[in-house]
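Hi,

Here is the structure you asked for. Open it first, then read my notes below.

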Amino acid sequence: MNKNTILGWATFIMILMGLLLVGLGIFRYDDVAGWGFGAVGVGFFAIAWVFSSLKGRV
């Protein structure tokens with residue numbers, strides 16, 4: 001596997017984890033912890049976006 005393939009898989013895994021965390025924040029936790037899970041999920045989406053944009057440049 002080359003660097004672009006690894007970044008692609010990392011992007012895919014980060015998107016899945018972001019969806020999981022946002023889903024936990026929405027459906028599982030009704031108190032303040034839900035806001036934390038949602039914020040961390042959005043952070044995972046931001047990191048996945050960075051990985052995706054680096055895919056052709058590294």
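Helix 1 (3-28) and helix 2 (32-54) each supply at least two residues of the nonpolar patch. Helices are DSSP runs of H or I with at least four residues, numbered from the N terminus. Before going on, note that this is a predicted model: local features need pLDDT of at least 70, side-chain atom pairs count only at pLDDT 80 or more, and totals for chains, interfaces and linings use all residues. Residues are numbered from 1 along each chain as its sequence is written, and side-chain values use heavy atoms, with hydrogens and water left out.

**The patch**

Which residues form the nonpolar patch on the surface? They are Met1, Ile6, Trp9, Phe12, Ile13, Ile15, Leu16, Met17, Leu19, Leu20, Val42 and Phe45. Together they have about 1,200 Å² of accessible area. Such areas come from the Shrake-Rupley method with a 1.4 Å probe, and for residues only the protein chains shown count as cover. Patches take residues with over 30% relative accessible area and no salt bridge; nonpolar side chains (Val, Leu, Ile, Met, Phe, Trp, Tyr) are joined within 5 Å, and like charges within 9 Å. A salt bridge is a side-chain nitrogen of Lys or Arg within 4 Å of a carboxyl oxygen of Asp or Glu. Helix 1 gives the largest share of the patch, nine residues.

**How the helices pack**

Helix 1 has 26 residues. It reaches 36 Å from its first C-alpha to its last, close to the 38 Å expected at 1.5 Å a residue. The expected span is 1.5 Å times one less than the number of residues. Helix 2 has 23 residues and reaches 34 Å, close to the expected 33 Å.

In helix 1, Leu7, Thr11, Met14, Gly18, Leu21, Gly23 and Gly25 are buried. Buried means under 20% relative accessible area, exposed over 50%, and partly exposed in between (1.4 Å probe, protein chains only). The buried residues of helix 1 pack against helix 2. In helix 2, Gly34, Gly38, Gly41 and Ala48 are buried, and the buried residues there pack against helix 1.

Take Thr11, in helix 1. Why does Thr11 count as buried? Because its relative accessible area is 10%. Leaving aside neighbours within four places in sequence, Thr11 is in contact (heavy atoms within 4.5 Å) with Ala48, Phe51 and Ser52.

**Aromatic pairs**

How many aromatic pairs are in the whole structure? A search finds two. Rings of Phe, Tyr and Trp (its six-membered ring) pair if their centres lie within 6.5 Å; planes under 30 degrees apart are stacked, over 60 edge-to-face, and the rest tilted.

Trp9 and Phe12 form an edge-to-face pair, 6.0 Å centre to centre, with 85 degrees between the planes. Both lie in helix 1, three residues apart, about one turn of the helix. An α-helix has 3.6 residues a turn, so residues three or four places apart point the same way. Trp9 is partly exposed at 49% relative accessibility, and Phe12 is partly exposed at 44%.

Tyr29 and Phe37 form a stacked pair, 4.9 Å centre to centre, with 5 degrees between the planes. Tyr29 is partly exposed at 30%, and Phe37 is partly exposed at 25%.

**One more residue**

Asn4 is in helix 1. It is partly exposed at 32% relative accessibility. Not counting residues up to four places away in sequence, Asn4 touches Lys55, Gly56 and Val58.

Best wishes
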